[in-house]
Amino acid sequence: EEFGALVASMAFVEILIGLSTFGMDWVVAIWLPSYRIHAPQNVFWRFVGRMVALRAVCLVLASLLALAFAEWIARFVGLGDWLWVFRFYLLVACLDGMLRYLKDTVMDSLLMQGANQLSILLKNLCTVVFLSLGAAGYYHVDLLLVVRVEVATFCLALAVVTIALLFARARDRRAVPTASGDWREPTAAQLFAVARHNYATSLAQIVSAPNIFILGIERFLGLGATAAFGFARMLSDQVRKYLPSELFFGMIRTMIIATYARTGDMRELALHHSVMLKLGLFPVALLTGVLIAYGGPMVRWVGGDKYAGVEWLVLGFVGLLCLVVLKRNLELFLNASRHTGLMLRSSLAALAGIPIGFGALAAGGNLYHVVAALGIGEALVIWCALLGLWRRGIHYRISFEGIAKLFVPAILAGLVAHFLSSAGNVYLILGEAAVLCLVIMLIQWLTAPLSRDERRTLRRIVRSLRKRGGQSRAAPAGA
């Protein structure tokens with residue numbers, strides 16, 4: 001029950017953070033590189049400061065509003081007995097929301113990857129150390145300790161990225177813009193148009209996201225099912241956070257937006273996105289093979305016997321992750337090419353998954369029906385976006401042949417390993433899983449999932465990053 005309450009509180013935090021963005025994340029992602037290149041130093045940092053302050057105000061006001069109605073909201077989502085957890089996580093919402101905004105939007109756009117990775121490393125390391133000491137018997141681990149550790153580690157990570165940003169500001173000694181030209185600051189109407197479309201898109205995604213279904217699962221199936229659903233989702237979320245396409249998303253996103261702004265070449269933009277898509281799906285394919293072969297013992301090793309049988313739910317979330325990676329690449333493509341309205345209309349299609357999922361729960365369905373409903377919603381978003389691009393005559397082709405070359409070897413090798421493996425020791429299983437990954441990668445290399453143009457584009461991206469040492473002209477000096 002404690003874990004179920006934790007999962008439900010975290011789901012509400014995700015919803016609150018999403019509701020309080022007001023589209024500011026994409027405003028910064030789209031305009032910050034332009035400010036960095038074309039605007040004077042003081043104008044650039046004034047824009048950064050205003051956007052950071054605005055985000056902080058929105059987060060605090062949203063959390064205070066939720067705190068005022070905390071008791072009613074907690075009863076509505078079935079957390080009436082865990083009101084203190086819910087209130088604690090409103091503080092976590094402020095810290096986590098601000099950390100994400102600084103790390104994933106502002107600092108990623110400035111290519112400050114070192115500070116970002118350091119904040120993630122310190123946060124995760126401190127969390128693991130605290131909980132491991134408790135598991136070793138040095139002190140009692142309960143929900144209150146977990147919440148306190150969450151607050152402390154978020155404060156630590158937020159301090160790291162804030163200090164790094166202040167140092168970048170102090171080291172920026174530019175007297176004139178990098179390339180001023182005839183550039184003019186975007187008007188408030190332009191910023192508002194980008195924010196409006198992207199906020200409406202995020203609202204549609206929030207309503208159709210797993211967090212909404214977590215609250216429904218708690219009402220229909222209880223905290224036990226909520227805990228199982230949250231456990232499976234957390235495992236897939238950890239995979240998503242550490243995908244190469246996610247870790248370097250901000251760096252490559254800035255490069256893609258800047259390149260398209262300079263050349264206006266839609267074909268090159270589509271090639272960049274095709275490479276990003278396959279790089280994002282490559283580790284997902286490996287994980288799919290490993291879960292097919294050794295999902296059962298690995299999930300029991302991570303979560304214990306109480307989560308036995310959840311491996312197929314985890315595999316379902318990994319399949320859903322493939323659609324999420326594809327949708328995120330499409331979202332970047334549409335925002336980079338200024339087709340934000342199309343992304344908004346496409347995101348509305350995800351709402352079709354809500355009646356499907358809740359209808360299945362009301363009819364006595366299980367967690368697999370919820371995952372299927374989420375998959376239907378994501379697939380509809382992708383289909384509508386592709387259809388809209390085709391109607392506009394815009395070149396965007398998904399290489400299904402290349403994606404098949406990633407997943408078919410992984411699935412077949414995983415099935416073979418599943419039937420041949422007899423290892424019972426966890427270390428033997430890990431060793432076999434490592435060998436399985438090597439076999440899958442060898443087959444993928446032989447089948448060449450990247451086309452000639454995609455390989456050329458990838459080499460060009462790598463050369464550009466090496467030449468700049470991970471920096472770009474859009475990054476602050478010494479960042």
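Me: What makes Thr-288 buried in this model?

Reply: In this predicted model, Thr-288 has a relative accessible area of 9%. Buried means under 20%, so Thr-288 counts as buried. The residue lies in helix α13, residues 266-303.

Me: Which residues does Thr-288 touch, not counting residues up to four places away in sequence?

Reply: Thr-288 touches Leu-315, Val-318, Phe-407 and Ile-411.

Me: How do you know that the span of helix α18 agrees with its number of residues?

Reply: Helix α18 runs over residues 400-420, which is 21 residues. The expected span is 1.5 Å times one less than the number of residues, which gives 30 Å for α18. The end C-alpha atoms are 30 Å apart, so the two values agree.

Me: Why is the pair Lys-405 and Glu-401 called a salt bridge?

Reply: The side chains of Lys-405 and Glu-401 meet at 3.6 Å, N to O. A salt bridge requires a side-chain nitrogen of Lys or Arg within 4 Å of a carboxyl oxygen of Asp or Glu, and therefore the pair at 3.6 Å qualifies.

Me: Why are Lys-405 and Glu-401 placed in their accessibility classes?

Reply: Exposed means over 50%, and partly exposed lies between that value and 20%. Lys-405, with a relative accessible area of 27%, is therefore partly exposed, whereas Glu-401, with 57%, is exposed.

Me: What makes Glu-150 and Lys-123 a salt bridge, and where do the partners lie?

Reply: The closest N and O atoms of Glu-150 and Lys-123 are 4.0 Å apart, and the cut-off is within 4 Å. The pair links distant parts of the chain, with Glu-150 in helix α7 (residues 143-171) and Lys-123 in helix α6, 27 residues apart. Glu-150 has a relative accessibility of 16% and so counts as buried; Lys-123, with 15%, is likewise buried.

Me: Why is the pair Asp-453 and Arg-456 called a salt bridge?

Reply: The closest N and O atoms of Asp-453 and Arg-456 are 2.7 Å apart, which lies within the 4 Å cut-off. Both residues belong to helix α20 (residues 452-468), three residues apart, about one turn of the helix. Asp-453 has a relative accessible area of 29% and is therefore partly exposed, and Arg-456, at 37%, counts as partly exposed. A search of the whole structure finds six salt bridges.

Me: What makes Leu-118 partly exposed, and to which surface patch does Leu-118 belong?

Reply: Leu-118 has a relative accessibility of 40%, so it counts as partly exposed. Leu-118 lies in helix α6, residues 113-135. Together with Leu-121, Leu-125, Val-129, Leu-133 and Tyr-138, Leu-118 forms a nonpolar patch on the surface, with about 590 Å² of accessible area in all.

Me: Why are Cys-58 and Cys-155 placed in their accessibility classes?

Reply: Cys-58, at 15% relative accessibility, counts as buried because buried means under 20%. Cys-155, at 39%, counts as partly exposed. The structure holds zero disulfides.

Me: How many helices and strands does the protein have, and what percentage of its residues is buried?

Reply: The secondary structure comes to 20 helices and zero strands. Buried residues make up 53% of the 479 residues.

Methods. Residues are numbered from 1 along each chain as its sequence is written. This is a predicted model: local features need pLDDT of at least 70, side-chain atom pairs count only at pLDDT 80 or more; totals for chains, interfaces and linings use all residues. Side-chain values use heavy atoms; hydrogens and water are left out. Helices (H or I, at least four residues) and strands (E, at least two) are DSSP runs, numbered from the N terminus. Patches are made of residues with over 30% relative accessible area and no salt bridge: like charges are joined within 9 Å, nonpolar side chains (Val, Leu, Ile, Met, Phe, Trp, Tyr) within 5 Å. Accessible areas come from the Shrake-Rupley method with a 1.4 Å probe; for residues, only the protein chains shown count as cover. Buried means under 20% relative accessible area, exposed over 50%, partly exposed in between (1.4 Å probe, protein chains only). Contact means heavy atoms within 4.5 Å. A disulfide is a pair of cysteine sulfur atoms within 2.5 Å.
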